[in-house]
Amino acid sequence: MSNTIVIGAQWGDEGKGKIVDLLTESTDVVVRAQGGNNAGHTVISEGNEYILHLIPSGILWPGKTCVIGNGVVMDPVALLKEIDGLAEKGITVTPEQLKISDRAHLVMPFHREMDAYKEANRGNKIGTTKRGIGPTYGDKVDRTGFRLHDLVGNPVTFSERYSRKVSECNALFTAAGLEAIDAEATGKELLEAADRLAPFVDNTVATLHGLVKEGKSLLFEGAQGTYLDVDQGTYPFVTSSNTTSGGACTGSGVGPTVIDRVVGVAKAYTTRVGEGPFPTQHDELAAKFHAMGREFGATTGRKRRCGWLDLVLLRYSAMVNGFTDFAITILDGLDDLEEIPVCVAYELDGVQSPLPPACAKDFARVKPVYETLPGWNCDTTAIRKYEDLPETAKAYLDKIAEETGVPVSMVGNGPDREQTIVK
Ligand code: GDP
Ligand code: IMO
Ligand code: MG
């Protein structure tokens with residue numbers, strides 16, 4: 001039995017879905033503890049592609065319990081759409097398999113509109129997914145949010161509070177020339193969603209503790225990545241939750257003493273979607289991936305910005321998450337290169353630093369200090385054993401371990417389930 005947290009070590013989209021899918025085979029329970037349907041986790045299994053937004057990727061494995069914890073912000077209508085989409089692909093999501101925390105905060109239609117409104121009126125745009133994530137977490141911290149237990153089983157109280165809140169928001173929206181939200185129609189839709197979701201609602205804290213007591217193993221599926229963390233990321237160009245490993249505990253009600261392993265997932269290069277600093281950004285690398293049909297956002301379809309591997313980011317990520325090991329994904333993305341630059345330090349106003357700065361303005365000004373490593377310049381996608389990787393590819397992976405102090409335990413060399421080499 002072992003309890004594992006999987007965390008994105010960069011700006012999200014590191015391939016967490018695929019690594020979680022691989023680890024699910026030897027686990028009993030898969031838990032989402034933060035974020036919402038801003039996430040898009042891709043799993044490719046037997047030629048079928050699944051993109052999970054709110055539901056833990058473990059749902060693709062029959063018999064594995066999946067939990068949406070108290071730290072997740074959940075859009076009830078989006079969740080039902082996801083459940084229906086999976087049903088169309090032959091995956092039935094049952095209340096026996098999926099448990100949703102009664103304490104999870106709800107993303108409401110006015111949160112989505114507020115997200116778009118705020119983004120439109122912001123000087124420095126964040127480039128949010130417009131899923132209402134920031135305003136929902138804002139209300140949570142402001143202690144005015146709606147939790148799942150407020151909606152399910154309490155239709156009268158919910159409707160009263162909901163109408164009041166919509167009126168308040170509509171005053172702002174209409175003054176800004178935006179369309180008002182129809183409180184009645186959206187309220188009705190939410191109550192209909194509540195009826196369908198009622199069987200899934202659970203005291204997930206009690207359930208998880210019961211499972212731990214029985215000796216079951218838990219796998220926490222991180223959403224977003226370390227540099228989108230509201231405390232540790234490139235603030236304010238971040239999401240509104242703790243995406244780092246501590247968030248798995250606060251967002252599930254499971255204490256840190258039960259955690260045995262924290263896997264950091266990082267691409268062999270770096271990507272970012274949305275605005276904010278990105279020191280190693282390299283537009284030619286991005287153009288190459290986009291021409292191959294790669295590196296488009298799994299949730300919004302936006303082109304991801306791409307750049308070289310940044311070991312300053314991974315070094316700090318390893319610290320704040322307490323990584324026990326790294327899964328390095330999309331090594332095959334670098335297959336055709338003769339030489340590969342990797343960033344080992346940042347230079348700011350003539351001073352070099354091994355760690356990232358606090359301020360986004362400084363982050364945007366740092367100059368990456370590169371070391372150039374030899375490429376392997378061959379197709380690695382058919383390799384299944386670590387020792388069969390080219391020596392230069394192994395040296396590239398060793399460099400990551402050396403600079404971060406964290407060993408590499410897994411290597412992704414293609415999008416399919418079987419294209420992950422376990423060292
Ligand atoms: P997540 O949000 O961290 O789960 O990652 P996404 O699903 O948003 O983006 C990762 C993308 O990379 C998806 O299209 C995956 O299918 C793909 N992918 C994951 N691992 C590998 C890999 O090792 N090689 C290649 N070529 N693609 C990969
Ligand atoms: P997964 O789990 C990549 C980014 C958005 C934006 C910022 C804030 O698939 O790795 P938000 O809508 O959360 O308020 O947007 O965070 N972002 C992600 N980028 N992967 C994600 O999730 C992301 N979720 C949010 O692009 O820059
Ligand atoms: Mg993603």
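Q: How many bridges must DSSP find before two strands pair?
A: Two strands pair if DSSP finds at least two bridges between them, and strands themselves are DSSP runs of E with at least two residues, helices being runs of H or I with at least four, numbered from the N terminus.

Q: Which order do the strands take in the open sheet?
A: The model is a predicted one, in which local features need pLDDT of at least 70 and side-chain atom pairs count only at pLDDT 80 or more, whereas totals for chains, interfaces and linings use all residues. Residues are numbered from 1 along each chain as its sequence is written, chains are lettered from A and ligands numbered from 1 in the order in which they are written, and side-chain values use heavy atoms, leaving out hydrogens and water. Ten strands make up the open sheet, running S9-S7-S5-S2-S10-S1-S11-S15-S19-S20 with mixed pairing.

Q: And which are the edge strands?
A: Strand S9 (201-202) and strand S20 (420-422) are the edges, each pairing on one side only.

Q: What joins S1 to its partners S10 and S11?
A: S1 runs parallel to strand S10 (residues 218-221), the two being joined by three bridges, with Thr4 standing opposite Leu219 in S10. S1 also pairs with S11 in the parallel sense, over five bridges, and there Gly8 has Val265 as its bridge partner.

Q: What about S2, which faces are covered?
A: Both faces of S2 are covered, with Val29 and Val31 buried on one side and Val30 and Arg32 buried on the other. In a regular strand the side chains alternate between the two faces of the sheet. S2 runs parallel to strand S5 (residues 65-68), joined to it by four bridges, and Val31 is the bridge partner of Val67 in S5. Three bridges join S2 to S10, again parallel, and Val30 is partnered there by Leu219.

Q: Changing topic, what are the protein donors of the magnesium ion?
A: The magnesium ion (ligand 3) has Asp13 (OD) and Gly40 (O) as its protein donors, at 2.1 to 2.2 Å; donors are N, O and S atoms within 2.8 Å of the metal (3.2 Å for Na, K and Ca), and water is not among the atoms, so the site may look incomplete.

Q: Where in the chain do those two sit?
A: Asp13 lies in the loop between strand S1 (4-8) and helix H1 (16-24), while Gly40 lies in the loop between strand S2 (29-32) and strand S3 (41-45), so the pair links distant parts of the chain, 27 residues apart. Gly40 is buried, at a relative accessible area of 11%.

Q: And Thr129, what does that touch?
A: Thr129, in the loop between helix H3 (109-120) and helix H4 (133-142), touches Asn38, Thr300 and Arg302, not counting residues up to four places away in sequence, where contact means heavy atoms within 4.5 Å. Thr129 counts as buried, at 17% relative accessibility.

Q: Last one, which residues of H6 meet H7?
A: Pro155, Phe158, Ser159, Tyr162 and Val166 in H6 meet Ala183, Thr186, Gly187, Leu190 and Leu191 in H7.

How values were computed: Buried < 20%, exposed > 50% of the residue type's maximum accessible area, 1.4 Å probe, protein only.
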